[in-house]
Amino acid sequence: MSSARALVARELTLALRAGSGAALGLAFFLIVVMLIPFGVGPSTGTLRLVAPGVLWIAALLATLLSLDRMVAQDAEDGTLDILAMSPMPLEGLMALKIFAHWLTTGLPLVIIAPVLGLTLNLAPSAYLWLVISLAIGTPALSALGGIGACLTVGVRRGGLLLSILVLPLFIPTLIFGAQTVARASQGFDPTAAVLLLAATTLLSLAAAPFAAAAALRVHLS
Amino acid sequence: MTLIADTVSLKRGGQTLIADLSFACDPGKALILRGPNGVGKSTLLRALCGFVPLESGSVRLGDVSLEDQDLWLSQIAYAGHLDALKPQLTVRENVTFWAGLFGGRAEDAIEAFNLGEIANRPVFTCSAGQKRRTGLARLALSKDRPLWLLDEPTVSLDTATVARVAAFLRGHLAAGGYALIATHIDLGLQADVVELERAERSIANEEDPFLSEGFA
């Protein structure tokens with residue numbers, strides 16, 4: 001237990017300290033969403049229509065941006081070798097890393113999203129579901145991203161490969177997440193979409209630590 | 001309990017690097033790996049960490065085989081070329097993290113490697129020697145792991161620190177530990193030497209008079 005706490009504490013400290021990733025994803029999310037009204041025009045009707053999709057796509061890309069930090073830096077400075085020798089199994093290590101990644105990347109997006117919903121004239125009925133869908137969906141992004149990060153850990157500047165690998169896996173989460181918000185904003189019941197979103201997340205969370213650890217083992221040996 | 005490597009062969013990039021290397025190491029004695037650059041000392045050490053698969057042969061430490069990956073990894077401590085430090089964190093934060101993961105007290109490790117005066121400095125402000133010292137401090141947290149694999153542990157260390165590291169290694173060996181060390185300098189340890197040679201290689205496994213007379 002103390003080793004788990006040490007690992008999460010270190011991941012959080014590293015993410016929050018200057019020159020690290022947490023602020024980058026959040027800033028990217030803010031910038032993309034703020035730019036949309038300039039791009040598609042200030043018509044409130046149009047903005048309301050595109051708001052659910054834009055918020056979800058921006059959240060997805062912001063997560064993608066921060067993924068290569070999850071394990072690549074540990075691999076570069078030799079930390080990964082030593083982590084592999086620690087008493088903690090690689091599956092546990094990746095589960096904790098995914099959790100820490102979500103805390104520093106996904107959670108801030110969930111919190112800031114309602115404010116950005118305002119700038120996109122999101123329908124009042126959709127705010128609650130925006131927060132719920134992001135809270136349920138972003139852990140899947142971190143988990144699936146963890147698999148991609150581990151698969152590309154040996155590739156120098158593997159960002160492009162990482163994106164190509166991970167984006168298809170993100171699609172179900174994007175569809176169900178954006179649909180949850182869209183249906184809520186149109187006044188429909190979003191339950192079905194949110195349940196499918198939750199199912200996607202549960203599947204990702206269950207599989208990711210094992211898939212990611214398997215990829216790390218290949219990299220290490 | 002003896003560390004035994006039996007006809008170990010290793011390949012790197014499709015080329016045979018080490019062929020049919022055998023050696024044995026008793027507790028309390030270090031095994032020094034020697035040989036020209038690129039001969040495969042680091043690769044051998046990484047193979048003994050389980051990071052590079054053996055082409056053939058076997059390695060055992062007592063009852064534990066290199067094949068039982070998880071059990072094997074719990075027996076070894078490795079200090080490679082990279083110090084496994086996070087530049088943004090201070091020396092103490094780095095050591096504390098490893099202490100949280102491996103057990104042991106961070107303050108003991110800081111004291112054992114004389115890191116007190118730089119403990120609160122971020123690692124990116126430290127010199128190469130100070131980083132190496134911090135990286136080696138992890139060994140002080142791995143006292144319950146019998147087999148230490150050290151890859152050029154004394155690179156960029158000053159003479160006083162080299163002596164300190166050597167004394168620390170002697171303590172580990174005296175407690176019945178094992179150490180495989182790739183190094184070109186004399187650490188003054190009770191040691192056998194394995195000479196690695198390029199291509200068609202031969203194996204020497206004899207007492208090195210230079211080492212055993214050492215400065216200890």
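Which residues does Ala112(B) touch, not counting residues up to four places away in sequence? The residues in question are Ala137(B), Ala140(B) and Phe168(B), where two residues are in contact if their C-beta atoms, placed from the backbone, lie within 7 Å. The model described here is predicted, and local features need pLDDT of at least 70, side-chain atom pairs count only at pLDDT 80 or more, and totals for chains, interfaces and linings use all residues. Residues are numbered from 1 along each chain as its sequence is written, while chains are lettered from A and ligands numbered from 1 in the order in which they are written.

Ala112(B) lies in helix H4 (residues 106–112) of chain B; helices (H or I, at least four residues) and strands (E, at least two) are DSSP runs, numbered from the N terminus. With 19 other C-beta atoms within 10 Å, Ala112(B) is partly exposed. On this scale a residue is buried if 20 or more other C-beta atoms lie within 10 Å of its own, exposed if 12 or fewer, and partly exposed in between, with C-beta atoms placed from the backbone. Ser74(B) is 38 residues from Ala112(B) in sequence, and their C-alpha atoms are 22 Å apart.

Chain B as a whole holds seven helices and 10 strands. Its radius of gyration is 17 Å, in agreement with the value near 17 Å that a compact globule of 216 residues would have; this radius is taken over C-alpha atoms, and the globule rule is 2.2 Å times the number of residues to the power 0.38. Of the 216 residues of chain B, 45% are buried. The C-alpha trace of chain B spans about 50 × 40 × 30 Å along its principal axes.

Chain A, by contrast, has nine helices and zero strands. The radius of gyration of chain A is 18 Å, close to the 17 Å from the globule rule for 221 residues, so chain A is as compact as a globular protein of that length. Buried residues account for 50% of the 221 residues in chain A. Among contacts in chain A between residues at least 6 apart in sequence, 81% join residues at least 24 apart.

Two helices of chain A deserve a look together. Helix H3 (residues 44–66) and helix H7 (residues 127–151) of chain A pack at an angle of about 30°, their axes 10 Å apart. Axes are lines fitted to C-alpha atoms, for helices over the stretch in contact, and angles run from 0 to 180 degrees between N-to-C directions. H3(A) and H7(A) are therefore roughly parallel to each other, a label for angles under 35 degrees. Leu55(A) and Ala59(A) are among the residues of H3(A) in this contact, and Leu130(A) and Gly145(A) are among those of H7(A). The contact divides into seven nonpolar, four polar and no charged residues. Here Ala, Val, Leu, Ile, Met, Phe, Trp, Tyr, Cys and Pro count as nonpolar, Asp, Glu, Lys and Arg as charged, and the others, Gly among them, as polar.

Helix H7 of chain A also holds Ala140(A), which is buried, with 29 other C-beta atoms within 10 Å. Not counting residues up to four places away in sequence, Ala140(A) touches Thr173(A), Thr200(A), Thr201(A), Ser204(A) and Leu205(A).

Finally, the two chains meet: 22 residues of chain B are in contact with 23 residues of chain A. On the side of chain B that touches chain A, strand S6 (76–79) and helix H3 (91–102) of chain B each supply at least two residues. The largest share, four residues, comes from H3(B).

Definitions and conventions
Angles under 35 degrees count as roughly parallel, over 145 as roughly antiparallel, 65 to 115 as roughly perpendicular and the rest as oblique.
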